[in-house]
Amino acid sequence: MSTDAALGRRERNKQQKLERITAAASELFAERGIDDVTTQQIAERADVGTGTLFLYAKTKGELLLLVQNAHYAVALENGIVAAAQISDTLDAIMALLRPIIECNRVQIENGRVYLREMVFGDPSDAQHAEALRIAGGTEQAAVTVLRADRKIAEEHAPTIAHIISAIMFLTMSANINVDLTVDEITEDVRNQVATLLGR
């Protein structure tokens, strides 16, 4: 057997294990929330040893990032598509943010832990870096919307987008907002962004 064939099989095997771990973590986190799931339970459902699990993610927080990053990337893409169809700046920004807010509130505690891990985790870790890349993509998409508005100076768009991102993430993660619905969170974010934009 050639080295290339063995390497190909090894890589496929690693990818299959990663997919099983991601699926198991996703299912268990959705069913019980991150606080009520152990890494042992994830390993058992994925049919891997705990040692193998830790090769892919060192903590439950990293496992949550692995799972949520995929969901957030899809939400961001949906938001970008929705925002591109709207000419009003505030409405376009909210069309961009709404799918992300919805994604964050599917399992509220998971969403809050995800945001904490993103902000306070080690940015050199691959999953944390990916979460930060998605957050940066959200800001870049907001910059695109803002630069289409002639009332907003082009050089101010990145700073405004950064503030909008902070508004959304703080509103979603604040303890006081834990019981708010998606619509209530969205309305709160909208009111803050409207004030920022002077609307």
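Select Ile 93. Leaving out residues up to four places away in sequence, Ile 93 touches Ala 142, Val 145, Leu 146, Ile 164 and Val 193. Contact here means heavy atoms within 4.5 Å. This is a predicted model: local features need pLDDT of at least 70, side-chain atom pairs count only at pLDDT 80 or more, and totals for chains, interfaces and linings use all residues. Residues are numbered from 1 along each chain as its sequence is written, and side-chain values use heavy atoms, with hydrogens and water left out.

**The core**

Ile 93 is among the residues with the most contacts inside the largest nonpolar core, which has 58 residues. A nonpolar core is a set of buried Ala, Val, Leu, Ile, Met, Phe, Trp, Tyr and Cys residues joined through side-chain atoms within 4.5 Å. Buried means under 20% relative accessible area, exposed over 50%, and partly exposed in between (1.4 Å probe, protein chains only). Now colour the helices. Those giving two or more residues to this core include H1 (3-32), H2 (39-46), H5 (89-104) and H9 (182-197). Helices (H or I, at least four residues) and strands (E, at least two) are DSSP runs, numbered from the N terminus.

**The aromatic pair**

Select Tyr 72 and Tyr 114. They form a tilted aromatic pair, 4.3 Å centre to centre, with 35 degrees between the planes. Rings of Phe, Tyr and Trp (its six-membered ring) pair if their centres lie within 6.5 Å; planes under 30 degrees apart count as stacked, over 60 as edge-to-face and the rest as tilted. Tyr 72 sits in helix H4 (residues 60-84) and Tyr 114 in helix H6 (residues 108-120), 42 residues apart. Both are buried.

**Along H4**

Stay on H4. Look at Gln 68: a kink of about 30 degrees is centred there. The bend at a residue is the angle between axes fitted to the seven residues ending there and the seven starting there. Move on to Asn 78, also in H4. Asn 78 counts as partly exposed because its relative accessibility is 45%.

**Asp 149**

Where is Asp 149? Go to the loop between helix H7 (126-147) and helix H8 (157-173). Asp 149 has 9% relative accessibility, so it counts as buried. Its side chain makes a polar contact with the side chain of Arg 199 (2.7 Å). The side chain of Asp 149 also reaches the backbone nitrogen of Lys 151 at 2.8 Å. A polar contact is a pair of N or O atoms within 3.5 Å; within protein, one must be able to donate a hydrogen and the other to accept it, and residues adjacent in sequence count only if both atoms are side-chain atoms.
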